[in-house]
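Colleague: Could you walk me through this model, one question at a time? Please put the structure up first.

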Amino acid sequence: MKKSFWMPLCISAAVLMAACGGGEKKAEEKAPEETVAPAADNSMVADVSGKGKELMAAQDCATCHKETEKVIGPSFKEIAEKYPNTPENVATLADKIISGGSGNWGEIPMAPHAGISKPDAEEMVKYILTVK
Ligand code: HEC
């Protein structure tokens, strides 16, 4: 009801266009929710358990991984479904991020990330395993 009341006002009144227009522009610019934020300074990443997500935003992970869609690598949701969130799995997957490798999801290998420290890689895995 609220919408149908405001809509004609936006269309007909030039003065209100400016006010309503601001809101419309924002909606257009908004990225789809599953897109992994590309920049570490994006305020979106500073939410719950945000550390691992933030660390990944500074890396190339989003090139091959999305939260819910398979790209080159499996989606984080698929990974979270496959591995229970246990300390063993976090450690194993953190090693895999650092050394790279293939075989668990197919022939395509994941590039190694030798520059990532083990604690940082573990933070990333902890985040990945919460994606549902
Ligand atoms: C060049 C593409 C590419 C990039 C960049 C990449 N990955 Fe992957 N990733 C893959 C592929 C392909 C697999 C599947 C490997 C396999 O079959 O074992 C994978 C698998 C994984 C897995 C599951 C490993 C397993 O053994 O099941 C995790 C966790 C993961 N990636 C995290 C990351 C993180 C975190 C980053 C960023 C630091 C990253 N990936 C960057 C391609 C990539």
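Colleague: Thanks! How many residues apart are Lys77 and Glu81 in helix α5?
Modeller: This is a predicted model, where local features need pLDDT of at least 70, side-chain atom pairs count only at pLDDT 80 or more, and totals for chains, interfaces and linings use all residues. Residues are numbered from 1 along each chain as its sequence is written, and side-chain values use heavy atoms, leaving out hydrogens and water. Helices here are DSSP runs of H or I with at least four residues, strands are runs of E with at least two, and both are numbered from the N terminus. Lys77 and Glu81 both sit in helix α5, about one turn of the helix from each other, a spacing of 4 residues.

Colleague: And what links Lys77 with Glu81?
Modeller: The closest N and O atoms of Lys77 and Glu81 are 3.4 Å apart. The cut-off asks for a side-chain nitrogen of Lys or Arg within 4 Å of a carboxyl oxygen of Asp or Glu. The pair therefore counts, and Lys77 forms with Glu81 a salt bridge.

Colleague: Which helix holds both Lys126 and Glu123?
Modeller: Their closest N and O atoms are 3.8 Å apart. Lys126 is partly exposed at 39% relative accessibility, and Glu123 is partly exposed at 24%. Being 3 residues apart, they are separated by about one helical turn of α7.

Colleague: How are α3 and α7 set to each other, roughly parallel or roughly perpendicular?
Modeller: Axes are lines fitted to C-alpha atoms, for helices over the stretch in contact, with angles from 0 to 180 degrees between N-to-C directions. The axes of α3 (residues 50–57) and α7 (residues 118–128) come within 7 Å and cross at roughly 115 degrees. Angles under 35 degrees count as roughly parallel, over 145 as roughly antiparallel, 65 to 115 as roughly perpendicular and the rest as oblique. So α3 and α7 are roughly perpendicular.

Colleague: How far apart in space are Gly50 and Met124, C-alpha to C-alpha?
Modeller: Gly50 belongs to helix α3 and is buried, with a relative accessible area of 8%. Gly50 and Met124 are 74 residues apart in sequence, while their distance in space is 9.4 Å.

Colleague: In which loop would I find Ile72?
Modeller: Ile72 is partly exposed, with a relative accessible area of 43%. Pro109, in the loop between α6 and α7, is 37 residues from Ile72 in sequence and 9.3 Å away in space, C-alpha to C-alpha. Ile72 itself lies in the loop between α4 (61–64) and α5 (76–82).

Colleague: Is Pro74 buried or exposed?
Modeller: Pro74 is also placed in the loop between α4 and α5. The C-alpha atoms of Pro74 and Cys64, 10 residues apart along the chain, are separated by 8.0 Å. With a relative accessible area of 10%, Pro74 is buried.

Colleague: Last one: how many helices does the protein have?
Modeller: Read along the sequence, the pattern is α-α-α-α-α-α-α. Buried residues make up 28% of the 132 residues. The protein has 0 strands, and its helices number 7.

Notes. Buried means under 20% relative accessible area, exposed over 50%, partly exposed in between (1.4 Å probe, protein chains only).
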